[in-house]
Amino acid sequence: MKMSQNKQETALSRCPGCEEPLEPGDLFCGACGYDLSAVPEPPRDRPTIAIATGAGAPAGAGPERPRASGDFELAAPATTAAADGTTPDPRTSPDPVPVPPAGTKVCVACRAGHVDDDGYCENCGHAQPRERDHMEQELGSVAAVSDRGLRHHRNEDSFAISTTALPDGTPAVLAIVCDGVSSASRPDEASAAASTAANEYLLESLPRGTHPQQAMHEAIVAAAEAVNRLVQEPGQAEDHDPNRHQNAPACTLVGAIMANGLLVVGWVGDSRVYWVPEDRSGPPARLTEDDSWAAQMVAAGLMNEAEAYADERAHAITGWLGADAYELEPHTASFKPDRPGLVVVCTDGLWNYAESAAEMSAAVPAEAYERPLRGAQVLVGHALDGGGHDNVTVALLPFAVPPQGAGSACGSG
């Protein structure tokens, strides 16, 4: 996790260990853990380095290229001739830098140590960038992007996208997005387990003829069971990570199925699904309702939406997947869009920066319907430009229907 210092801000723009961008005030690199306080302060000016023209220069050699201020050149290492006049091979000099075995992962900080199974260097102890820090996938017309964001020390989101077919051969497109609950133990493992379990269940049940809405409900139950089982399983890198807690692993889940002209959504928690029509003259819509304190206040008529979401308790969730959940209540809804549009499935790391349906529609680029991966990349960039305070995950599913007459964008089923 990035930590800030008040007395002296680092003047570095990138980490010396892994080249990750830094922010003013960072004390440690959020990617590899490099101790930035140990980096010597750079000189205030950029001195000109004089060019030495030693006696060993070849006769008739022209002048060297003039050097600009701050243009440094590394001197060749000094060597000492042996008694027989030969020069020793530096590769056989005492105390060589240890070289990890071929095929092993090398530390991004010290460039020499072997990285253990927990993701830490055995030589210098630095944490390594995780593969989940940024993930992208495109599968036919569906695509998803997930990013760690600018403030979290790891990506606790996960997603799964896939395609299958109904018994009559009609194609079905699926997207599952999960957001780990940061206050819980092993949230990254919870989101990964939930997204995998839900996706696998849908790929098994839809080809058998299970109705998509029923399949979504059962997939959420399967995801919850997968998260519950983590309580009995040992965690990964638990001894190294001070941010892990002892309560049960937990996450939220939101998903969408497009099959046979039907759009089915399902969720537990505060991740969302939005509908953005391809023709932007039509109204966008939010298709899910949050399991959150703010949503409860609005539903009870105690606050309007602006007041509720401005409260510091707004994002306290009231529903999640995990062994300590009060009660599992999967929500599902079915829609039959009458025009082409884009289904946006995302975590709050995105919708925090585009909360209303109109704001989300404005953030979705015009090309997203034809190029969903590019659209997902732009939306993640929108969240990062807004501050990137949370992990960000979004899946885009273009929904195609034959042109029809005017009507509402989505109809409840």
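In strand β5, Ala250, Thr252, Val254, Ala256 and Met258 point one way, and Cys251, Leu253, Gly255, Ile257 and Ala259 point the other way. All of them are buried, that is, under 20% relative accessible area with a 1.4 Å probe and protein chains only. The structure is a predicted model, in which local features need pLDDT of at least 70, side-chain atom pairs count only at pLDDT 80 or more, and totals for chains, interfaces and linings use all residues. Residues are numbered from 1 along each chain as its sequence is written, and side-chain values use heavy atoms, leaving out hydrogens and water.

Strands (E, at least two residues) and helices (H or I, at least four) are DSSP runs, numbered from the N terminus. Pairing of two strands requires at least two DSSP bridges between them.

Strand β4 (residues 171–180) runs antiparallel to β5, joined by 9 bridges. Here Val173 stands opposite Met258. Strand β6 (residues 262–268) is also antiparallel to β5, with 7 bridges. Ile257 faces Val264 across this pairing. The two strands β5 and β6 form a hairpin with 2 residues between them. Asn260 lies in the turn and has a positive phi of about 55°. Strand β9 (residues 321–322) pairs with β5 in the antiparallel sense over 2 bridges. Gly322 of β9 is the bridge partner of Ala250.

Asn199 belongs to helix α1 (residues 187–205). Its relative accessible area is 11%, so Asn199 is buried. Beyond residues up to four places away in sequence, Asn199 touches Ala160, Ile161, Ser162, Leu174 and Ile176. Contact means heavy atoms within 4.5 Å.

Conventions
Buried means under 20% relative accessible area, exposed over 50%, partly exposed in between (1.4 Å probe, protein chains only).
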